[in-house]
Amino acid sequence: MIREKTMTTKHAHVIVTGNEKGGSGKSTTAMHLAVGLLRDGLRVASIDLDARQGTFSTYLSNRRHFIDDKGKNLPMPEVRVIEHSTDNNRDAAEADDERRLAETIDELSLNSDVIIIDTPGADSVLTRLGHSFADTLITPLNDSFIDLDVLAHVDPVTLQIKNPSHYSEMVWQEKMRKAKRDGGSIDWIVMRNRLSHLDARNKREIERLLADLSQRVGFRQVAGFGERVIYRELFLAGLTMMDIIDVLGAENLTMSHISARQEVRSLIDAIGLN
């Protein structure tokens, strides 16, 4: 059941999913947040800044096709896609990108409580700009040392953090840009994604390193989504774990479905919009 609810903020709360490494689960996270918040009664809009790959907007398009084909009454956010400016002058192109993104956010804020922005999985002008507009930044991070390298360089002998990596430095720069633009701040959440259900030394070491790094660069960490095949299977139908009851019926839910729904619920609660 969708509960009616509105927020009283002047502008919509902007949630950005970002990580310069592809395959971290940004679009899956963005989609589950969009549907989960819609089902909480919030008005949600979405912006895909990765027009070339278009995973988020394709996911949403698949959802629209499912709704039309099956006649299901499922919540659907407003969708926008922003492409990089074609201006040949680099500075002019960046200014154009910033203007168009700001205007899109202002326009969507008129009828939205939350705007979810999915960014490209690589360093780009739109990636950086998207981060600078975040009120909440969610960085999905696969639970491995390979993916941790996006945030920090780790000494292979001592397993201690040597220094923050390129992505952490970029986030810091965009925090400064946001503060200069509107005096706002970014609540940065690192979401440990594709978690193994088994206790392992690797898992414990990453948790320790993230706890150390969070104090240095200013983020909080939350448990994300487990390693479940069902997350990938839902993409083609444009569905999320929050739709499973409507599609399958409560009597057909498995323990895996229930656990996955709770993972999404926990992430939404961690953002703290309610």
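The model is predicted: local features need pLDDT of at least 70, side-chain atom pairs count only at pLDDT 80 or more, and totals for chains, interfaces and linings use all residues. Residues are numbered from 1 along each chain as its sequence is written, and side-chain values use heavy atoms, without hydrogens and water.

**Two helices**

Two packed helices are described by the angle between their axes and the distance between the axes. Helix α4 (residues 125–132) packs on helix α6 (residues 166–182) at about 55°, and the axes are 8 Å apart. That angle makes α4 oblique to α6. Oblique is what remains after roughly parallel (under 35 degrees), roughly antiparallel (over 145) and roughly perpendicular (65 to 115). Axes are lines fitted to C-alpha atoms, for helices over the stretch in contact, and angles run from 0 to 180 degrees between N-to-C directions. Helices (H or I, at least four residues) and strands (E, at least two) are DSSP runs, numbered from the N terminus.

Which residues of α4 make the contact? They are Thr127, Arg128, Leu129, His131 and Ser132. On α6, the contact includes Tyr167, Met170 and Arg181. Contact means heavy atoms within 4.5 Å.

**Aromatic pairs**

A pair of aromatic rings is described by the distance of the centres and the angle of the planes. Rings of Phe, Tyr and Trp (its six-membered ring) pair if their centres lie within 6.5 Å; planes under 30 degrees apart count as stacked, over 60 as edge-to-face and the rest as tilted. The structure holds four aromatic pairs. Two of them are tabulated here.

| Pair | Centre to centre | Between planes | Type |
|---|---|---|---|
| Tyr59 and Phe235 | 5.1 Å | 70° | edge-to-face |
| Phe225 and Tyr231 | 4.9 Å | 10° | stacked |

Tyr59 lies in helix α2 (residues 55–70) and Phe235 in the loop between α8 and α9, so their pair ties together parts 176 residues apart in sequence. Tyr59 is buried at 1% relative accessibility. Phe235 is partly exposed at 25%. Buried means under 20% relative accessible area, exposed over 50%, partly exposed in between (1.4 Å probe, protein chains only). Phe225 is buried at 3%, and Tyr231 is buried at 6%. Ring pairs also link Tyr167, Trp188 and Phe219 into a cluster.

**Leu141**

Leu141 sits in strand β5 (residues 136–142). Is Leu141 buried or exposed? At 2% relative accessibility, Leu141 counts as buried. Leu141 touches several residues beyond four places away in sequence, among them Asn19, Val190 and Leu210. Leu151 is also touched by Leu141. These two are ten residues apart in sequence and 9.2 Å apart in space, C-alpha to C-alpha.
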